[in-house]
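Here is a short briefing on one protein chain. Keep the sequence and the 3D view side by side as you read.

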Amino acid sequence: IATMPVNHTLKLYNILGNLSFARYARYSFRTIKENMWHKTFLLLSTAVAIVTVYLLSAPYLFSVLFPTYGEAILYSQIAMLALLIKPATLHSKAFLAHGIKKEQYIVKLSMTCLQFILLITLVPMYGILGAVIATLLKRVYWSFSTMFLFYRYQPIEGKT
């Protein structure tokens with residue numbers, strides 16, 4: 001119940017990422033890299049607005065829609081913070097559109113290991129809150145590692 005609003009909101013970003021994939025395939029990686037800051041800023045600004053509105057309205061929404069799940073409000077608000085790091089979807093789709101697999105594998109493998117470690121340490125200590133925090137930290141790691149590798153990546157001349 002707590003992550004349902006977050007999961008549905010994140011699906012909108014996945015749709016946006018899929019739409020950007022087609023555009024990224026038409027442009028060189030260098031061109032995408034040059035224009036990424038502007039797109040990331042716009043997406044982040046939208047995410048900040050959505051998260052702010054949700055954080056303020058979640059207690060009221062839960063009292064109307066899920067009155068018996070009041071304890072899920074905090075979990076839901078923490079989980080919604082994941083939306084702030086979702087602009088990295090654009091960076092990830094650029095890798096995908098240009099077939100840059102090594103960086104994708106690095107992120108996915110390290111993210112899976114991190115999630116495992118976070119879950120086995122945080123869930124026994126904090127229960128459901130530990131699982132929510134582990135998921136949020138995994139997403140933060142994914143975002144920063146994807147963006148770091150995106151800006152560090154240097155395409156080979158003539159390839160992308």
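A helix here is a DSSP run of H or I with at least four residues, and helices are numbered from the N terminus. By that rule L19 sits in helix α1, residues 4-26. The model is a predicted one. The protein chain has six helices and zero strands.

**The whole chain**

- From the N terminus on, the elements run α-α-α-α-α-α.
- The C-alpha trace spans about 60 × 30 × 20 Å along its principal axes.
- The chain has 160 residues, and 39% of them are buried.
- Its accessible surface is about 9400 Å². Carbon and sulfur atoms own 70% of that surface.
- Take the contacts with a separation of 6 or more: residues 24 or more positions apart account for 80% of them.

**Helix α1**

- Helix α1 has 23 residues, which should span 33 Å at 1.5 Å a residue. Its end C-alpha atoms are 35 Å apart, and that agrees.
- Which residues of α1 are buried? They are V6, T9, L10, Y13, G17, S20 and Y24.
- An α-helix has 3.6 residues a turn, so residues three or four places apart point the same way.
- The buried residues of α1 pack against α2, α3, α4 and α6.
- L12, I15, L16 and L19 make a nonpolar surface patch of about 390 Å².
- Is L19 buried or exposed? L19 has a relative accessible area of 57%, so it is exposed; the cut-off for exposed is over 50%.

**The loop between α1 and α2**

- Y27 lies in the loop between α1 and α2.
- Y27 has 38% relative accessibility, so it counts as partly exposed.
- Beyond its neighbours within four places in sequence, Y27 is in contact with I32 and H98.
- Y27 and I85 are 58 residues apart along the chain, and their C-alpha atoms are separated by 24 Å.

**Helix α2: its shape**

- Helix α2 covers residues 29-65, which makes 37 residues.
- How far apart are the end C-alpha atoms of α2? They are only 45 Å apart, short of the 54 Å that a straight helix would reach at 1.5 Å a residue.
- Look at S57 in α2: a kink of about 55° lies there.

**Helix α2: its buried residues**

- The buried residues of α2 are F29, I32, K33, M36, T40, L43, A47, V51, Y54, A58 and F62.
- They pack against α1, α3 (72-80), α4 (88-97) and α6 (128-152).

- K33 is part of helix α2. Its relative accessibility is 17%, so K33 counts as buried; the cut-off for buried is under 20%.
- What does K33 touch, leaving out residues up to four places away in sequence? It touches F150, Y151, R152, Y153 and Q154.
- K33 and F150 are 117 residues apart in sequence. In space they are 8.0 Å apart, C-alpha to C-alpha.
- T40 also has its place in helix α2. With a relative accessible area of 9%, T40 is buried.
- Not counting residues up to four places away in sequence, T40 touches P87, L90 and H91.
- F62 is found in helix α2 too. At 3% relative accessibility, F62 counts as buried.
- F62 and M80 are 18 residues apart along the chain. Their C-alpha atoms are separated by 14 Å.

**Helix α3**

- Why is α3 largely enclosed by the rest of the structure? Eight of its nine residues are buried, so the rest of the structure largely encloses it.
- Those buried in α3 are A72, I73, Y75, S76, Q77, I78, A79 and M80.
- The buried residues of α3 pack against α1, α2 and α6.

Definitions and conventions:
Residues numbered from 1 in each chain as written. Predicted model: local features only at pLDDT ≥ 70, side-chain atom pairs only at ≥ 80, totals over all residues. Heavy atoms only, no water. Patch = residues over 30% accessible without salt bridge, like charges linked within 9 Å, V, L, I, M, F, W, Y side chains within 5 Å. Areas by Shrake-Rupley, 256 points an atom, 1.4 Å probe, with all protein chains shown as cover. Salt bridge = Lys/Arg side-chain N within 4 Å of Asp/Glu carboxyl O. Helix = DSSP H or I, 4+ residues; strand = E, 2+ residues; numbered from the N terminus. Buried < 20%, exposed > 50% of the residue type's maximum accessible area, 1.4 Å probe, protein only. Expected span 1.5 Å × (residues − 1). Bend = angle between axes of the 7 residues up to and from the residue. Contact = heavy atoms within 4.5 Å.
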